[in-house]
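Here is a friendly walk through a protein model, helix by helix and then residue by residue. Please keep the structure open beside the text as you read.

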Amino acid sequence: FPKLIADDGGADGGLKKRQHTFVETDTVRYVYQPIESLYLLIVTTKGSNIIQDLDTLRLISKVLPDYCQPVTEEGISEHVFELVFAFDEVINLGYKENLTLAEIRTNLEMDSHEEKLHMMVRASKENEARDEGRRKAAAIKAAQREMKEMGGMGNKAMGNMKGFGGGSSSGFGNTPDSGFGGSNAGFGGSTSGFGGS
């Protein structure tokens with residue numbers, strides 16, 4: 001495209017004198033308009049109506065500064081989505097819509113009832129999930145607290161007792177003080193209370 005512009009009007013500023021310009025190749029037509037240091041460009045087929053193309057270019061040239069100030073590469077990059085939506089209102093399926101700048105603004109600012117409803121339902125579900133998460137976290141903490149308290153009581157009660165076998169105060173074993181089977185056993189030992197000698 002820059003080569004085609006140079007061939008058409010040169011770099012001497014001859015293009016700046018014309019309000020709308022176009023360049024044709026074998027297959028397409030470039031319809032463009034200089035805006036500050038940039039070019040606004042529409043690519044059409046050679047069979048398209050040049051008057052409609054110029055009208056489309058004129059409308060887009062009004063939309064651009066309305067959504068992007070200043071009209072620079074940085075400004076366009078910052079407002080790229082707003083511009084795409086505005087251009088989509090101007091051109092639909094390759095054809096210009098018969099809209100004014102005010103109608104384009106109105107269409108882009110319109111509220112969607114379905115979108116609001118969807119956002120409300122989504123926010124409600126997120127709040128419910130957040131509340132459920134808090135309830136489950138509180139239940140888990142309560143269960144951990146109970147386990148800790150029960151574990152602490154059980155350790156105190158079982159702290160002086162040992163498991164099965166070995167040790168003088170164990171419940172089962174062969175020591176003199178063992179509860180079952182020892183020499184001083186309560187059941188079956190030599191000085192036992194039951195069945196012993």
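Predicted model: local features only at pLDDT ≥ 70, side-chain atom pairs only at ≥ 80, totals over all residues.

## How H2 packs against H4

Helix H2, residues 50-67, packs on helix H4, residues 80-90, at an angle of about 155°, and their axes are 10 Å apart. H2 is therefore roughly antiparallel to H4, because an angle over 145 degrees counts as roughly antiparallel. The crossing of the two helices, H2 and H4, is right-handed.

Which residues make this contact? From H2 come Thr-56, Leu-59, Ile-60, Val-63, Leu-64 and Tyr-67, and they meet Glu-82, Leu-83, Ala-86, Phe-87 and Val-90 of H4. Sorted by class, the residues where H2 and H4 touch are nine nonpolar, one polar and one charged.

## H5 joins in

H4 also packs with helix H5, residues 101-109: the axes of H4 and H5 come within 10 Å and cross at roughly 120°. That angle makes H4 oblique to H5, and the crossing of H4 and H5 is right-handed. On the H4 side the contact uses Phe-85, Ala-86, Glu-89 and Val-90, while H5 supplies Ile-104, Asn-107 and Leu-108. The classes in this H4 and H5 contact are five nonpolar, one polar and one charged.

H2 and H5 pack as well, at an angle of about 50° with their axes 10 Å apart. H2 is therefore oblique to H5, and the crossing of H2 and H5 is right-handed. Leu-59, Lys-62, Val-63, Asp-66 and Tyr-67 of H2 make the contact with Leu-101, Ile-104, Arg-105 and Leu-108 of H5. By class, the contact of H2 with H5 has six nonpolar, no polar and three charged residues.

Is Thr-56 buried or exposed? Thr-56 sits in helix H2, and it counts as buried because its relative accessible area is 8%. Leaving aside residues up to four places away in sequence, Thr-56 touches Ile-42, Val-90, Ile-91 and Lys-96. Val-90 is also one of the H4 residues that meet H2.

Leu-99 is found in the loop between strand S5 (95-96) and H5. Which residues does Leu-99 touch, not counting those up to four places away in sequence? They are Leu-59, Glu-89, Ile-104 and Asn-107. Leu-99 and Leu-59 are 40 residues apart along the chain, and their C-alpha atoms are separated by 8.8 Å. Leu-59 is also among the H2 residues in the contact with H4, and among those in the contact with H5.

## An aromatic pair

How many aromatic pairs does the structure hold? There is one. Tyr-32 and Tyr-39 form this pair in an edge-to-face arrangement, 5.8 Å from centre to centre and with 80° between the planes.

Tyr-32 is buried, with a relative accessible area of 0%, whereas Tyr-39 is partly exposed, with a relative accessible area of 38%.

## Backbone details to look for

Most residues other than glycine have a negative phi, and most peptide bonds are trans. With that in mind, two places in the backbone are worth a look.

Glu-36 has a positive phi of about 50° although it is not a glycine. This residue, Glu-36, lies in the loop between strand S2 (28-35) and strand S3 (38-45). Glu-36 is exposed, with a relative accessible area of 53%. The other place is the peptide bond from Gln-69 to Pro-70, which is cis, with omega near -5°. Pro-70 is in the loop between H2 and helix H3 (73-78).

## The protein as a whole

Stepping back, the protein has six helices and five strands. Read from the N terminus, these elements run α-β-β-β-α-α-α-β-β-α-α.

What share of the 197 residues counts as buried? The figure is 21%. Among contacts in the protein with a separation of 6 or more, 26% are between residues 24 or more positions apart.

Technical notes:
Residues numbered from 1 in each chain as written. Heavy atoms only, no water. Axes fitted to C-alpha atoms, helices over the stretch in contact; angles between N-to-C directions. Helix = DSSP H or I, 4+ residues; strand = E, 2+ residues; numbered from the N terminus. Parallel < 35°, antiparallel > 145°, perpendicular 65-115°, else oblique. Left-handed = near helix turned anticlockwise from the far one by under 90°. Contact = heavy atoms within 4.5 Å. Nonpolar A, V, L, I, M, F, W, Y, C, P; charged D, E, K, R; others polar. Phe/Tyr/Trp six-rings, centres within 6.5 Å; stacked < 30°, edge-to-face > 60°. Buried < 20%, exposed > 50% of the residue type's maximum accessible area, 1.4 Å probe, protein only.
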